[in-house]
Amino acid sequence: MSRASASSELSLHADRRALESILVNLIVSSLDDCRTDKRAIDHEVILSVRREDGFALFEVADNGVGMEPEALDKVFSLFFSPKG
């Protein structure tokens with residue numbers, strides 16, 4: 001990813017398919033976590049992007065069941081899935 005220009009627009013140079021794949025996987029995982037959570041709460045998934053220190057920062061957040069500590073240790077490993 002590249003540094004953003006000084007304007008209000010954000011210019012992003014990235015592999016479109018890889019970025020799309022990462023975001024879709026994160027969103028689907030968040031939706032699954034909320035769907036399988038049996039607590040009686042209103043679930044939500046939030047996707048946001050913002051500029052921070054000249055970089056694009058993508059964030060996917062949810063209030064679902066979360067990940068086990070063992071899964072968190074491996075989350076950035078290639079081909080890892082917390083779903084087994």
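**A guided tour**

Guide: Read along the sequence, this protein follows the pattern α-β-β-α, with 2 helices and 2 strands in its secondary structure. Helices (H or I, at least four residues) and strands (E, at least two) are DSSP runs, numbered from the N terminus. This is a predicted model, where local features need pLDDT of at least 70 and side-chain atom pairs count only at pLDDT 80 or more, while totals for chains, interfaces and linings use all residues. Residues are numbered from 1 along each chain as its sequence is written, and side-chain values use heavy atoms, with hydrogens and water left out.

Visitor: How do you know that strand β1 and strand β2 are joined?
Guide: Two strands pair if DSSP finds at least two bridges between them. Here 8 bridges join β1 (residues 45-52) to β2 (residues 55-62), so the two strands pair, and they run antiparallel.

Visitor: What makes Arg 35 and Asp 32 a salt bridge?
Guide: The term asks for a side-chain nitrogen of Lys or Arg within 4 Å of a carboxyl oxygen of Asp or Glu. Arg 35 and Asp 32 have an N to O distance of 3.5 Å, so they qualify. They are 3 residues apart in helix α1 (residues 16-36), which means that about one helical turn separates them.

Visitor: Why is Arg 35 called exposed?
Guide: Buried means under 20% relative accessible area, exposed over 50%, and partly exposed in between (1.4 Å probe, protein chains only). Arg 35 has 57%, so it is exposed. Asp 32 has 24%, so Asp 32 counts as partly exposed.

Visitor: What about Asp 37, is it buried or exposed?
Guide: Asp 37 has a relative accessible area of 8%, so it is buried. Its side chain meets that of Arg 39 in a salt bridge at 2.5 Å, N to O. Arg 39, at 44%, counts as partly exposed.

Visitor: How many salt bridges does the structure hold?
Guide: The structure holds 4.
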